[in-house]
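Subject: Structure for you, with notes

Hello,

Here is the structure I promised to pass on. Please open it next to the notes.

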Amino acid sequence: MYTLDSRLRGNDVMNWFPVWRRNFLVWKKLAGPSLLGNLADPMLYMLGLGYGLGALLPDVGGVPYLNFLAAGTLAYSVMNSASFETLYSAFSRMHVQKTWDAILNTPLDLRDVLLGELFWATSKSLLSGIAILLVIWVLGLYEDFALTLVLLPVAVLTGFCFAGLGLSINAVSPNYDFFLYYFTLAITPMVLLGGVFYPTTAFPAWLAAVAAWLPLTHAIELARPLILGQWPQGMLLHAAALLAYGMAGFVAALGLTRKRLLR
Amino acid sequence: MSPLSLRGLTKSYGGQRVVDGFDLELEPGRCHGLLGPNGAGKTTTLRLALGLIEADAGTLELLGHALPAEAKLARRRVGVVPQVDSLDPDFTVAENLQTYGRYFGLSAKTIAERIPALLDFAGLAGKADAPILTLSGGMKRRLTLARALVNDPDLVILDEPTTGLDPQARHLIWQGLRRLIAQGKTLLLTTHFMDEAERLCDVISVIDHGRVIARGSPRELIAGHIEPHVVEVFGEGLDEWKACVSGLCRRCEQAGETLFCYTDDPEKVVAELEAAPGLRYLHRPANLEDVFLKITGRDLRD
Ligand SMILES: Nc1ncnc2c1ncn2[C@@H]1O[C@H](COP(=O)(O)OP(=O)(O)OP(=O)(O)O)[C@@H](O)[C@H]1O
Ligand SMILES: [Mg+2]
């Protein structure tokens, strides 16, 4: 018979790990195509826009357009990866395959499942970030190599943020089609207002004020200076904002998913 | 200690009492069946018993742990076969067992050692590396049963383990469940199949609208609730015959084209039927299904 001793409660802290590992093992089976997808899509964006549009543009903020675009692509790619994983993939595990229901019958609870999903989506999006970073390194789109290493924790924070937000959307989604609303109403506006493709310095004050609140803006405010060879201004604030968005999303996801599955 | 004890369990959805003052005390090493029509509250009761959802009222104890507070702890010693299949389609048979075992905190070594016996038990020896997509419905169900045993549970909870399976597949599952009972495990299963309940269960609770309306061993239920013989009558001229036979049996019930005559004295009914050449009949001992239909009624539930 088991007793509620401290050792067991201590183990609880890592309860999410088997869930993370389950997703990792499935991913590993298809890692090749998945990695290719991680790389190909953002690379085409970056190279197509960078060289295509870049040829028409003078330097942006004193750097070639491709260098400017690199930070946006990195943040965008990490955001997309975390969002897809916590929306489409998590939804099929939750709703279609009933994987979460199966896990909930074991000693794990919903928090463990959602933490596993949160950390998994964060890990996977970090991988997307690393893929872009490799391109940045290979093409030499940076000023200071050491500073580009700081992009790794930035990718983790960005992934965490959008994984948390994605899980909360997943919790209330009736079907796959619903995610289109999230992409049209949240992700796309963020891409357009967050400064992925162009600097937002020319925005009128009201639009700039809106943009300043967007999670993706915080990610880009961190990533862009790092690529351009400077420490970001208000670094802690941006990092805290990403963390806060992610945690708020996760807390909402936990409550909403509990309502959905366990009532 | 009772592996599972539920007292005064109540749960409502949208003002509707789905589980309504439910009491249950499992005996160790026995198989207990929950028998009830669609929507009777069987799955909801099991979810409550696992500490997955919170009851509106009542007390629950699972393997000595109070629920829902210690649910995670209690579930370490429980195996669950859910009503809906939830195998991992991306994994092979063995990978499904490995992954599931890790949710219980078992080491890879422990799980690997258990897998051959589990596959043997489920009649899936040699299928360790088969993808889930290649398994038949019966194999998937058996794998789900094996998965529920990966933590060597004391109590196994099965929600309609054989629904949707062909007779051969059902017999294989029953064989497995009888072996578990012989090993001393406690079973709690829900089913719509009377023969399944009759074959496997030491105690059956017939539930409807979230309440236990009859409880006992299959024999006790039959002896206590129904006349020992049934003559089913069908064919031409049933309506005229029905009018004159009612004195011969204790109870007559018509369902569609068939008249069910419940009686202590079947000879008289049969003699009467011999004189009615247009009619055909079937004389048989009463079974659990007759009890079930008598106490839950013949109306369709959904
Ligand atoms: N989460 C829920 N929210 C609202 N209603 C629910 C919920 N779960 C179950 N119900 C309702 O409670 C009733 C009992 O459901 P339950 O699944 O426990 O029945 P059951 O006996 O298992 O039926 P079946 O034989 O069809 O599996 C049904 O009317 C069902 O619609
Ligand atoms: Mg059910």
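The notes below cover the basis, the interface, chain A and chain B.

**Basis**

This is a predicted model: local features need pLDDT of at least 70, side-chain atom pairs count only at pLDDT 80 or more, and totals for chains, interfaces and linings use all residues. Residues are numbered from 1 along each chain as its sequence is written, chains are lettered from A and ligands numbered from 1 in the order in which they are written, and side-chain values use heavy atoms, with hydrogens and water left out.

**The interface**

Start with the contacts (heavy atoms within 4.5 Å). On the chain B side, 31 residues are in contact with 30 residues of chain A. The size of an interface is often given as the accessible area lost when the parts come together. Here the buried area is about 2800 Å²; the term means accessible area (1.4 Å probe) that two parts lose on being put together, summed over both. Carbon and sulfur atoms give 60% of that area. In chain B, the residues that lose the most area to chain A are B:K72, B:R102 and B:Y103. Together they make up 27% of what that side buries.

The rule finds 5 salt bridges across the interface of chain B and chain A. The rule asks for a side-chain nitrogen of Lys or Arg within 4 Å of a carboxyl oxygen of Asp or Glu. B:D88 forms a salt bridge with A:R22. Their closest N and O atoms are 2.4 Å apart.

There are also 12 residue pairs in polar contact across the interface of chain B and chain A, both residues at pLDDT 80 or more. A polar contact is a pair of N or O atoms within 3.5 Å; within protein, one must be able to donate a hydrogen and the other to accept it, and residues adjacent in sequence count only if both atoms are side-chain atoms.

Which elements of chain B each supply at least two residues of the side that touches chain A? They are strand 1 (4-13), helix 2 (71-75) and helix 3 (93-103). Helices (H or I, at least four residues) and strands (E, at least two) are DSSP runs, numbered from the N terminus. Helix 3 of chain B gives the most to this side, with 5 residues. The residues of the side divide into 14 nonpolar, 4 polar and 13 charged. Nonpolar covers Ala, Val, Leu, Ile, Met, Phe, Trp, Tyr, Cys and Pro; charged covers Asp, Glu, Lys and Arg; the others, Gly among them, are polar.

**Chain A**

A:D112 is worth a look. It is found in helix 6 (residues 110-139) of chain A. At 1% relative accessibility, A:D112 counts as buried. The cut-offs are under 20% relative accessible area for buried, over 50% for exposed and in between for partly exposed (1.4 Å probe, protein chains only). The side chain of A:D112 makes a polar contact with the side chain of A:N15 at 3.4 Å. A polar atom of the A:D112 side chain also lies 2.9 Å from the backbone nitrogen of A:D109. Not counting residues up to four places away in sequence, A:D112 touches A:D12, A:N15, A:W16, A:V19, A:P107 and B:K72.

Now the aromatics. The whole structure holds 25 aromatic pairs over all chains. Rings of Phe, Tyr and Trp (its six-membered ring) pair if their centres lie within 6.5 Å; planes under 30 degrees apart count as stacked, over 60 as edge-to-face and the rest as tilted. A:F84 and A:F183 form a tilted pair, 5.1 Å centre to centre with 40° between the planes. The pair links distant parts of the chain, 99 residues apart: A:F84 is in helix 4 (residues 65-96) and A:F183 in helix 9 (residues 178-193) of chain A. A:F84 is partly exposed at 42% relative accessible area, whereas A:F183 is buried at 13%. One aromatic cluster is formed by A:W16, A:F17, A:W20, A:F24, A:W27, A:F119 and A:W120.

**Chain B**

The secondary structure of chain B comes to 11 helices and 14 strands. Its C-alpha atoms fill a box of roughly 70 × 45 × 35 Å, taken along the principal axes. Of its 302 residues, 53% count as buried.

- A cis peptide bond joins B:L67 and B:P68, with omega about 0°. B:P68 is in the loop between strand 5 (65-67) and helix 2 of chain B.
- B:E160 has a positive phi of about 50° although it is not a glycine. B:E160 is in the loop between strand 7 (155-159) and helix 6 (167-182) of chain B, and is buried at 6%.
- B:H209 has a positive phi of about 50° and is not a glycine either. B:H209 is in the loop between strand 9 (203-208) and strand 10 (211-216) of chain B, and is partly exposed at 48%.

Best wishes
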